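Dear colleague,

Please find below the structure that I am handing over to you. My notes on it follow directly after.

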Amino acid sequence: MEDIQISRLNLTSAARYAADLEVFLPRQGETMFANLPFDVEASFGEQEFTDEDGFGFKLSFRRAFIEVIPENCEIAREGRYQRSLPREKFQHLLKRVSEDHGSRRMNASGGISLRLAKLLSAVGIESKLHAEVQRSLQSGDIQSIESQLDFKIVRWVGAGRWQIGHEVIGDPNELSGELRGGYFTPPGDEITEGALNPLCFLNPTGGNEYTAIVELRARKRDCIYQPLGEERNEARWAKKNRVQIERLLTLKMLEEQNRKDGLSPPEGEVVLARGGIVVCKSQETE
């Protein structure tokens with residue numbers, strides 16, 4: 001019988017409230033030294049930063065990545081978490097965007113909103129058909145696009161990496177495209193009721209101990225900034241706040257916090273949070 005010890009590593013959180021990461025220990029009965037379920041949750045909100053003059057910004061994200069960095073173990077081929085947006089929800093989103101009259105920024109071709117054009121392009125519909133699809137949506141006829149509504153909110157992209165949100169439109173559940181709430185707690189694709197729902201399964205590759213570190217990252221271009229404070233003088237706001245934004249992302253998040261933790265994220269990315277688990281087989285008895 002194996003005596004297994006599993007401990008959690010909580011190493012850093014650089015943008016709490018705007019982005020957070022939880023790493024869960026395996027539940028009772030799941031502490032085998034092979035095929036261990038690795039369970040995480042990445043959640044997103046909004047975080048405000050202001051100075052003594054009331055100038056500042058809100059920070060949120062339209063896309064992020066989870067990356068697992070294994071040591072003495074590997075990610076199993078089976079059971080990798082992915083989650084698609086249900087077809088009926090995507091249909092509802094398209095209708096909402098089509099009927100949204102708040103946006104006056106129109107695409108020169110066909111007069112449809114830029115948001116709807118991005119959504120339709122994201123599912124592979126050619127731009128010349130956008131106006132026709134909008135008319136179909138407004139009339140309630142969506143048969144012409146039903147076959148193209150396969151859209152993943154969370155997608156495995158290889159090399160131990162998952163993408164949260166779409167490269168162009170972010171979270172399709174949100175009109176703003178911002179990531180909101182948790183993304184790994186809802187059942188993934190091909191998960192039956194009552195089944196395990198982990199990020200992935202880990203298999204040891206040798207030795208009596210292995211580690212899996214998980215990082216929640218974002219690319220700087222996927223950060224959304226909403227200005228706070230007086231904006232009557234745009235030049236003044238930009239001069240005061242863009243410096244603070246870049247300082248936050250490059251110094252506080254990246255250079256300061258990441259350096260303290262000995263992290264070197266890829267160029268153009270920020271480590272928002274980091275954690276992990278250590279699994280140790282302390283002894284084996286008959």
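The notes below begin with the whole protein and then turn to its salt bridges.

This is a predicted model, in which local features need pLDDT of at least 70 and side-chain atom pairs count only at pLDDT 80 or more, while totals for chains, interfaces and linings use all residues. Residues are numbered from 1 along each chain as its sequence is written, and side-chain values use heavy atoms, with hydrogens and water left out.

The protein has four helices and 15 strands (DSSP runs of H or I with at least four residues, and of E with at least two, numbered from the N terminus). Of its 286 residues, 47% count as buried (under 20% relative accessible area; exposed is over 50% and partly exposed in between, with a 1.4 Å probe and protein chains only).

The whole structure contains 13 salt bridges (a side-chain nitrogen of Lys or Arg within 4 Å of a carboxyl oxygen of Asp or Glu). In one of them, K58 pairs with E46, the closest N and O atoms being 3.6 Å apart. K58 belongs to strand β5 (residues 56–61), whereas E46 sits in the loop between β3 and β4, twelve residues apart. K58 is buried at 18% relative accessible area; E46 is partly exposed at 31%.

E46 also forms a salt bridge with R180 (3.3 Å, N to O). R180 lies in the loop between β10 and β11, so this pair ties together parts that are 134 residues apart in sequence.

Elsewhere, E215 and R217 form a salt bridge at 2.7 Å, N to O, and both residues are buried. Shared partners join E67, R161, E215, R217, R219, E269 and R274 into one salt-bridge network.

With kind regards
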